[in-house]
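Notebook open, model loaded. I'm jotting down what I look up as I go.

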Amino acid sequence: QVVMIFCSGGFSPLDSFDYKPELIRRHGEPLPGKKLITFQGEQGRLTRPLYPFRPRGESGKMVSTLVDHLGELADEMCFVHSVTTKTNTHGPAENVMSTGFTLDGFPSIGAWVSYALGSEADDLPAFVAIPDPRGKPQSSVNNWGPGFLPAAFQGTDFNAARPIRNLARPTSITPAADTATRRFLDALNRKHLDRFPGDSELAARIASYQLAARMQLSVPEITDLSTESRSTIRLYGADSRNPLKAGFARNCLLARRLVERGVRFIQLFNGSYQTGGEGTSNWDGHKKLKVQYDVHGPILDQPAAGLLADLKQRGLLEETLVVFCSEFGRMPTFQKGASGRDHNPDGFTVWMAGAGVKAPFSYGATDPFGHRAVEHPASVHDVHATILHLAGLEHRRLSIYHNGIQRRLTDVHGDVITDVLA
């Protein structure tokens, strides 16, 4: 099973997990080399981390106070500090992290995993996407879409505050009438499917109706967090007076409950598409990074750490891979005339924890300023190949014939990062 925590907007490793003493020493100086023009224009000077770093755990891994709770779990983490991606634009970069391609229309990693492995639960979807309490990410359903895989393998999106839409039976319809109607509809659909056996969308609809009937019982139960102990609620921060933190905490609790029930792939989003201006609802800190990260950090930190700690204490982390990612990182400089960092696709951090990875462990590195990956650069395809490997899948063999070509999550690229494997 896989839980992917996706920080939408471009989470800054330089202010969290990628400690750069040289960046601190050279604060206020120009970045060595030619004049730098990035996504939003000319760059200013090198800017030290906006949060202090300190050693964590027995490993002494340096993690900043932006993510204090997660930092205390650094000994459980396997850091890949040298990830690169194909684009510095949010939508296409979200597509790359979720599907391997910049363009829309390709299957998401969760869809590939559910296509290959199916579901362990017969009353829940194999793949669930949990949007942030503030809304959906910029690429929206592309992050959990089926692409050209059969439609049955797309993610089902719901969260703790917004349950699956149109699931409950209307009170005006009796259970007997509901059952009879579904059986009649199923007979009509199957008769139609016999005439058009290649219609995957119809097959997916039939499967979804059948699954929906089972979920009418399972989903209300799994989203009812009142059965959680008070200590568990406190662990996640679901009792916070901050409604956004409490909302994300409940989503993290929901993710753990889905793991317990056998859901194969869970995509858990922190941050949503821009609402109220740049960087106000996600990690896109162009203009006022410190002000905005002071808001976003507490929403993310304790709930995500609570999820990781809870999975471990329940023995679930042994069989569950947790992946923490964003679509790209951020620059070591402030933008000229601003107090924030621009997009950086050339070197950022992804960490993993749980099933099959070394911990504590750090792999790869960016340059002394955190600008570019220089030691063991790893593409998103490499990250995907590694996730599939840890799920028991060979990424070069997981393919489907589409429009005259054998398509893969990793395209024609990707190598398993063997050094991170336990």
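Where is the kink in α6 centred? I find it on M215, at about 50 degrees. The bend at a residue is the angle between axes fitted to the seven residues ending there and the seven starting there.

Before going on, a note on provenance: this is a predicted model, with local features needing pLDDT of at least 70 and side-chain atom pairs counting only at pLDDT 80 or more, while totals for chains, interfaces and linings use all residues. Residues are numbered from 1 along each chain as its sequence is written, and side-chain values use heavy atoms, with hydrogens and water left out.

I then listed the buried residues of α6: L202, A204, I206, L211, A213, M215, S218, V219 and I222. Buried means under 20% relative accessible area, exposed over 50%, and partly exposed in between (1.4 Å probe, protein chains only). These buried residues pack against α5 (175–195) and α8 (243–260), with contact meaning heavy atoms within 4.5 Å.

**Largest pocket.** Next I looked at the largest pocket, which holds about 1,300 Å³ of space. The search runs on a 1 Å grid over the protein atoms alone: a cavity is a set of points where a 1.4 Å probe fits but cannot get out, a pocket is an open set with protein on both sides within 12 Å along at least five of seven lines, and lining residues have an atom within 4 Å of a point. Grid points are joined across faces, edges and corners, and a volume is the space filled by probe spheres set on the points.

The lining of the largest pocket has 47 residues, and S208, Y209, L211, A212 and M215 lie nearest its centre. β8 (156–157), α5 and α6 are the elements giving two or more residues to that lining. Which element gives the most? It is α6, with 14 residues.

**Largest cavity.** Searching the whole structure for cavities of 30 Å³ or more, I get 1. The largest cavity has a volume of about 40 Å³. F11, P13, F324, C325, S326, F328, G329, F348 and T349 line it. β10 (321–326) and β14 (348–354) each supply at least two of the lining residues, and β10 has the largest share, 3 residues.

**Strands.** I checked an open sheet of 3 strands, in the order β2-β3-β12 with antiparallel pairing. β2 (37–38) and β12 (333–335) are at the edges with a single partner strand each, so one side of each has no neighbour in the sheet. Two strands pair if DSSP finds at least two bridges between them; β3 (residues 41–46) and β12 have 2. L46 stands opposite T333 in β12.

β4 (residues 53–56) and β5 (residues 61–64) are also antiparallel, over 4 bridges, and P55 stands opposite M62 in β5. These two form a hairpin with 4 residues between them, and G57 in the turn has a positive phi of about 65 degrees.

**Helix α3.** Is α3 enclosed or open? Of the 10 residues of α3 (residues 90–99), 9 are buried, so the helix is largely enclosed by the rest of the structure. Among them are H90, E94 and N95. G100 follows α3 with a positive phi, near 90 degrees.

- A359 and P360 are joined by a cis peptide bond, omega about -5 degrees; P360 lies in the loop between β14 and β15 (361–363).
- S140 is not a glycine, yet its phi is positive, near 50 degrees. S140 sits in the loop between β7 (127–130) and β8 and is partly exposed at 23% relative accessibility.
- N403, also not a glycine, has a positive phi of about 50 degrees. N403 is in the loop between β19 (399–402) and β20 (405–408), exposed at 72% relative accessible area.
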